[in-house]
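Reader: I am new to this structure, and I would like to understand how the terms used for it are decided. Could you take me through them with care?

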Amino acid sequence: MSDIFGNLDNFIERNVSLIKRGYTTLCNSYHRKPPVTENDIKKIMKKIDASKCSLKQLEQSIQLLLSPISSNPFPPQTRRTRRSVQDNEAPVLAVISLDCDDDPTSSQPIFQSRYRRMSRRNGANGAGTQTNVISLDSDDENGGAAPLGQSSAANNSFESENYEMRIKVKWGRGIETFVHRRYQKFDDIIGQLAAKESADKGCIFFNLDDRIVYPSDTPDSINYKSHQFISGRILRTKALTLPASVGPSAGNSNMISLKIQMENRKQPLRLQIEKNQTMSVLVIKCAEELKCEPKAIRLYFDGELVDNGNKPEDLDLEGDEILDIRFVK
């Protein structure tokens, strides 16, 4: 049964969401630059047909699972058992609730994890029918906050993705070492050296071999290795800066650019992510840009929460799409 419900969850979360996003994209394309191309329509129809097939298979599996169940939920009782139930407690019902949105305290009995036997000595008789309620795929009542186990797993994922490393910079006649994160910008190291030397940040120049290291670069964008040394020095004039229209990995065909918009910010963030990376990388880059914890960020696309484990291709992201960011208190 767990496999069937797992397939049902995957069907709802993936297929239906993709169809909805595809339809929304189709509508937006029509209103912006009509008419919609034939390929766009074929693409969404293909997803609908695949979802119909998956739904039909799930229906057959559920019917096959439920077919041997007897219409009588109670097994035959002996005279002694029947008398014990009448004297001590009412029969216990097991109710399975699928996608239950109701508050169990208002209309359903509270889940009883164990059967309790009441002895005749205490004189307590069954005042009603006890019910065991098993709620599957029910909505959380904590405002969408992740359970403790999922929250811990998400934090571990962020830490393993944005791990710390030691950056070695040849500075003057010595070597400066900095503890730096994988997606943390070199602008932070430049700021520390500028404060140490009482110099202008714009005059500090970094290079790794024959490559210029810009303040907007990160160890990931320059593919920094622990055995490498970055050369740094103070120039008499301002160092070169990378134009805003050119990203550190603009020549990478596997890289796409996405826009992240917020309510209190007029201009959206423009961040890059590789097509084979998970959306957790985009969350980390947002956190580095906004100087906050990744666990405090939630991304939404077309009004739906983005699963950090998804990849851009799972969300039909091809570049220049706009995502919304919300903060968890």
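Author: Two strands are said to pair if DSSP finds at least two bridges between them, and strands themselves are DSSP runs (E, at least two residues), as helices are (H or I, at least four residues), both numbered from the N terminus. This is a predicted model, in which local features need pLDDT of at least 70 and side-chain atom pairs count only at pLDDT 80 or more, whereas totals for chains, interfaces and linings use all residues. Residues are numbered from 1 along each chain as its sequence is written, and side-chain values use heavy atoms, with hydrogens and water left out.

Reader: How do you know that β5 and β7 pair?

Author: Pairing asks for at least two bridges, and β5 (residues 204-208) has 4 bridges with β7 (residues 230-234), in the antiparallel sense, so the two strands count as paired. Within this pairing, Ile204 stands opposite Ile234 in β7.

Reader: What makes β5 and β6 a pair?

Author: DSSP gives 3 bridges between β5 and β6 (residues 211-213), again in the antiparallel sense, and Asn207 stands opposite Ile212 in β6. In the hairpin of these two strands, with 2 residues between them, Asp209 takes a positive phi near 60°.

Reader: Why is β5 called mostly covered?

Author: A residue is buried at under 20% relative accessible area, exposed at over 50%, and partly exposed in between (1.4 Å probe, protein chains only); by that rule, 5 of the 5 residues of β5 are buried. Ile204, Phe206 and Leu208 point one way from the strand, while Phe205 and Asn207 point the other way.

Reader: Why is the contact of Asp187 with Lys201 called a salt bridge?

Author: The term requires a side-chain nitrogen of Lys or Arg within 4 Å of a carboxyl oxygen of Asp or Glu, and in this pair the closest N and O atoms are 3.1 Å apart, so the contact qualifies. Asp187 lies in helix α6 (residues 187-197) and Lys201 in the loop between α6 and β5, so the pair ties together parts that are 14 residues apart in sequence.

Reader: Why is Lys238 called exposed, and what is Asp200 called?

Author: Lys238 has a relative accessible area of 55% and is therefore exposed, since the cut-off is over 50%, whereas Asp200, with 37%, is partly exposed. These residues form a salt bridge with each other, the closest N and O atoms being 2.4 Å apart.
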